[in-house]
Amino acid sequence: SRTVIDYPDLVRRLIDSGKETFVSLGFWEGDDWPFGAPGGNLRYIFCRSHYPSFPEHMVGLPERFSEDGYFGYSCHYQGTAAALTALARGARFVEKHFTMNKASQVVKDHALSATPAEFAEMTRLGREIARLNRVIA
């Protein structure tokens, strides 16, 4: 997310390379796409750079990810509800922080990170949601 703001020329070079490029928009405050419309090798990721995120930070979560131009979701929400909501709305993937110890104070994101058990359950439910999305689409 920060690279979009701090090093936009680097992001442009990556996009111009033709390789699939994922751009998280956690720090982007513009009303338009920073590097042009999504498509081709450019994939935008919906993100709110709040650690942790709360329900009020979820304002603007796409109703339908593919139709709204977002490909995936970067989750800083405590628990897995926001990630699963994004998947139900068509996100193709979720990026979620991972921890072995939520009580760790080394960095501030352990509390919002998924434990192995939470990550496994989120993955199981996410796959089930994806199957349902394909069937009912």
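## A pair within helix α2

Arginine 12 and aspartate 9 form a salt bridge (a side-chain nitrogen of Lys or Arg within 4 Å of a carboxyl oxygen of Asp or Glu), with 3.1 Å between the closest N and O atoms. The two residues are three apart in helix α2, residues 8-16, or about one helical turn. Helices (H or I, at least four residues) and strands (E, at least two) are DSSP runs, numbered from the N terminus.

Aspartate 9 is exposed at 52% relative accessible area, while arginine 12 is partly exposed at 38%. Buried means under 20% relative accessible area, exposed over 50%, and partly exposed in between, with a 1.4 Å probe and protein chains only.

## Basis of the values

The model is predicted: local features need pLDDT of at least 70, side-chain atom pairs count only at pLDDT 80 or more, and totals for chains, interfaces and linings use all residues. Residues are numbered from 1 along each chain as its sequence is written, and side-chain values use heavy atoms, leaving out hydrogens and water.

Glutamate 20 forms a salt bridge with arginine 43, the closest N and O atoms lying 3.1 Å apart. Glutamate 20 is in the loop between α2 and β1 (21-24) and arginine 43 is in strand β2 (residues 42-47), so the pair ties together parts 23 residues apart in sequence. Glutamate 20 is partly exposed, at 47%.

In helix α5 (residues 116-136), glutamate 128 and arginine 124 are four residues apart, about one turn. Their salt bridge has its closest N and O atoms 3.5 Å apart. Arginine 124 is partly exposed at 43%, as is glutamate 128 at 35%.

Salt bridges link Glu121, Arg124 and Glu128 in a network. The count for the model is five salt bridges.
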